[in-house]
Amino acid sequence: MKIKRRDFLKASVATGAAVALSGGLTLNAFANGKDQKTGSGGTEPGKWIPSTCQGCTQWCPCEFFVQNSRAVKVRGNQLSKVNLGYVCPRGHLMLQELYDPDRVKVPMKRTNPKKGRNVDPKFVPISWDEALGIVADKILELRKNNEPHKFMFIRGRYSPKTYPLAYGTLPKIIGSPNAISHSAICAEAEKFGPFYTEGFWGYRDYDLARTKCLVVWGCDPLSSNRNVPNTINKIGDLIERGTLITVDPRLSAIAAKSHEWVPVKPGEDGALATALAHVILTKGLWSKEFVGDFKDGKNQFKSGKSVDEAVFAEKHTHGLVKWWNIELKDRTPEWAEKVCGISKDQIVRIARTMAKAAPNVAVWMGPGPVMSPRGAYPSFAIHALNGLLGACESEGGSLRNHAKSPSGKLPSIDDFLDDMAKKYGKEKKIDQRGYKQFPSISEGKAGSSVITNNAATGILNADPYDIKVVVSNWANFNFSCTGADRWDKAMSKVFYVHIGTNPAEAAMFADIVLPAAHHATQKLSIIDNKGNTYTHLSIQQPVVGRLWEEKADETEIMWMIAEKLGAKGFPNMINYFKSFKDPETGKTPTNAEEFALIATRIISAAVWKPEKPLKGDKLTSWEDFKAKGIYNSEGYKFRELWEKGFPTPTKKFEFYSEALKKALDDHAKKHQTTIDDILQASGYLAKGEQAFVPHYEPPKRWGDVKEYPFTFIDYKSRLNREGRSQNTTWFQEFKKVDAGDESWDDVVRINPEDGKKLGIKTGDMVKLTSVTGSITVKAKFWEGVRPGTVSKCYGQGHWAYGKIAAKEFGKTPRGGNNNDLMPDDYERLTGSTARNGGFTAVKIEKI
Ligand code: SF4
């Protein structure tokens with residue numbers, strides 16, 4: 001795909017043209033900003049100012065070139081060891097996000113009490129003072145009526161070190177347990193396997209510089225989450241040096257570059273993973289160094305035959321022979337071929353290739369195989385392959401034990417919680433975590449992980465109670481959650497305060513809209529993350545001034561709400577914020593801007609004013625940190641956990657998970673039942689000991705094969721900033737960089753064999769219908785999907801994100817939103833929203 005200069009020109013022209021378009025709803029309030037302070041750009045001298053991209057959970061340290069107070073160019077932070085001075089294509093879209101003429105510019109109040117899609121909220125601009133007065137009154141009314149728990153805070157995209165000031169403070173200090181993060185609509189299920197094998201609940205990193213075989217499974221790290229700049233940077237060498245294998249039912253960008261594309265049937269990844277493990281064991285290819293060996297050195301793993309546990313001596317793992325006996329002995333490649341559609345020869349070849357490269361092999365698991373109703377077990381099975389091959393914590397392998405980024409602690413909130421806050425903060429949560437059918441056992445504890453999307457159902461059914469007031473920051477669940485119409489209904493029931501940069505589908509249901517500063521360019525906060533074997537602490541700082549009346553969501557707006565609550569007789573939150581002390585001067589904040597600055601300095605002082613010398617970068621002062629924008633940790637200590645032990649009950653890498661057994665047992669006891677009953681209620685088929693080992697579970701499918709013959713695949717664009725970039729002309733003009741997609745359009749890819757049978761051709765408009773909804777998009781023949789499957793990129797289908805994203809603002813979307821097709825269902829051991837794994841079936845009709 002070539003991008004020509006003409007494309008850039010066309011995109012720029014389109015910006016101007018689109019601003020003039022009239023839409024289905026009035027946008028008058030959005031256009032009422034004053035004193036727009038934009039510079040001319042041009043050839044004048046400027047300077048690079050560091051900040052951090054927030055387009056996805058990689059949070060790449062970056063820099064903006066600023067001329068005449070205007071940001072004109074983006075690149076990665078040149079000092080970063082994580083992204084090595086690069087951003088991915090999505091990083092560049094920040095410029096158009098920042099200067100989007102459709103941004104929310106002033107606080108607004110709804111004047112139309114009726115709520116619904118295509119209903120004009122009839123927003124009118126109001127002052128910050130009036131807006132926050134209304135918000136404070138609503139919160140205080142809950143407290144007056146002894147129902148503070150009926151408040152809910154939604155956290156969308158956030159700054160990892162600064163979010164406690166909003167998400168961790170506002171609900172808590174009021175007395176609500178309902179701090180609901182967006183996490184479970186993204187990728188939580190992929191953390192299940194790493195946690196229940198090696199005690200790590202988080203995203204892994206991969207030592208790509210030394211990998212000899214990379215197996216990318218159900219994600220596309222050249223396009224989206226995670227480590228995208230580093231992967232783009234390293235993939236060429238890796239392809240020359242070793243073997244790149246991609247397991248994905250569709251031909252993704254990375255699949256197209258791979259030595260082997262493994263187009264597994266959607267949702268059948270567990271069959272492939274267990275068959276690979278079977279081959280690795282029967283052919284004697286496992287890591288003797290990490291896993292151990294038979295005491296007499298003779299391989300007794302024979303298909304269909306159990307093995308005596310006593311004859312195998314494990315080293316750094318636990319339960320290999322149990323896993324074999326309970327599950328693997330029958331998972332032959334011949335069996336898997338029939339189930340997952342990959343030939344037995346290819347399965348054996350891949351297993352041998354992986355083992356030959358081991359331990360310099362990494363299985364990079366993404367959401368594809370796991371964000372599905374039974375996805376926890378494929379997550380377990382796929383990650384277990386890293387253990388089997390000794391790739392965990394090894395050079396060239398799958399990593400998690402990074403050096404820590406030091407950061408300062410915020411003052412404790414505990415002294416500021418009154419009796420009401422303490423009492424009602426212990427109420428059940430609206431997302432129903434911990435219910436019998438929702439074990440949500442992140443980090444080994446039942447009822448501990450958020451079930452984001454189910455909060456809408458909780459609100460609609462008033463179960464466990466009704467929610468009356470909702471505040472969200474940087475979230476748009478009415479667009480980004482499956483079963484999106486439930487959020488329309490839920491937000492119609494409550495008083496809703498939307499904090500964001502853009503008009504959004506959720507904002508159309510808001511009673512108050514508050515304009516947020518753009519994260520990377522107008523906000524002060526601290527981020528930590530890891531990648532490329534390093535950890536970093538980086539700054540987000542204003543690189544340009546405010547354009548309208550926007551404020552920073554996690555700091556300034558929270559201070560202003562706290563002040564208003566204090567003025568109306570509830571001073572706990574403002575007293576808490578006033579307890580913050582600057583780490584150098586001891587000064588306490590007196591206004592929102594000072595609060596943002598002091599909080600940021602407290603969090604980051606550990607790297608620029610360390611108590612003892614750090615092993616990573618040496619920074620001399622706050623000014624030095626601001627100028628460089630980043631602290632890089634020392635390098636990775638490989639195999640440290642092999643010596644120290646993994647944080648699991650046995651201190652080993654668990655193929656038979658004692659941690660999972662305990663978590664399920666605790667949940668079963670709480671509900672006075674058996675583990676089998678819990679699993680059945682949660683939609684799994686495992687029985688007995690099978691529940692504690694990686695095993696095959698057939699996929700769940702919404703839609704009868706006769707009526708809905710096609711399996712639907714949802715995936716992310718190379719330009720998708722989590723659904724927030726669609727109002728930029730660069731997104732729309734360059735949409736064709738997603739192989740098979742078309743600029744300014746939305747296509748469903750259909751295998752030509754299927755298309756011909758249906759009597760349709762490329763360019764026809766088709767209606768896709770699932771059991772829950774329909775969307776209309778353009779058909780495109782594409783050999784990069786298996787017959788029987790169709791794939792469509794997530795991102796288009798906005799009807800109210802701005803005049804570019806929609807065909808007609810507030811009325812006609814550009815293409816269709818996949819979430820209008822996909823029913824709300826869950827991977828219930830992690831609380832994850834089902835998005836992948838072939839759980840949605842559709843029919844296709846030409847219109
Ligand atoms: S969008 Fe790209 S540049 Fe931005 S944080 Fe994510 S990977 Fe990094």
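Phe64 stands opposite Val74 in strand S3, a pairing that belongs to a predicted model. In this model, local features need pLDDT of at least 70 and side-chain atom pairs count only at pLDDT 80 or more, while totals for chains, interfaces and linings use all residues. Residues are numbered from 1 along each chain as its sequence is written, and side-chain values use heavy atoms, with hydrogens and water left out. Helices (H or I, at least four residues) and strands (E, at least two) are DSSP runs numbered from the N terminus, and two strands pair if DSSP finds at least two bridges between them.

**Antiparallel sheet**

- Three strands form an open sheet in the order S1-S2-S3, with antiparallel pairing.
- Strand S1 (47-52) and strand S3 (70-76) stand at the edges with a single partner strand each, so one side of each is left without a neighbour in the sheet.
- Neighbouring strands of this sheet are turned by 35 degrees against each other on average, direction ignored; axes are lines fitted to C-alpha atoms, for helices over the stretch in contact, and angles run from 0 to 180 degrees between N-to-C directions.
- S1 is joined by six bridges to strand S2 (residues 61-67), and Lys47 has Val66 in S2 as its bridge partner.
- S2 and S3 pair over six bridges and form a hairpin with two residues between them, where Asn68 in the turn has a positive phi of about 50 degrees.

**Parallel sheet and its helices**

- Four strands form an open sheet in the order S11-S10-S9-S15, and here the pairing is parallel.
- Strand S9 (residues 213-217) and strand S10 (residues 243-247) pair over five bridges, with Val216 opposite Thr246 in S10.
- Helix H12 (residues 344-357) lies across S9, S10, S11 and S15, running at about 125 degrees to S11, where contact means heavy atoms within 4.5 Å.

**Helix packing**

- The axes of helix H4 (residues 128-144) and helix H19 (residues 556-567) come within 9 Å and cross at roughly 65 degrees.
- Among the residues making this contact are Trp128, Asp129 and Leu132 of H4 and Ile557, Met560 and Lys564 of H19.

**Ligand shell**

- The ligand is surrounded by residues that include Cys53, Cys56, Cys60, Cys88, Trp59 and Arg90, a residue being near a molecule if one of its heavy atoms lies within 4 Å of it.
- This shell divides into eight nonpolar, two polar and one charged residue, where Ala, Val, Leu, Ile, Met, Phe, Trp, Tyr, Cys and Pro count as nonpolar, Asp, Glu, Lys and Arg as charged, and the others, Gly among them, as polar.
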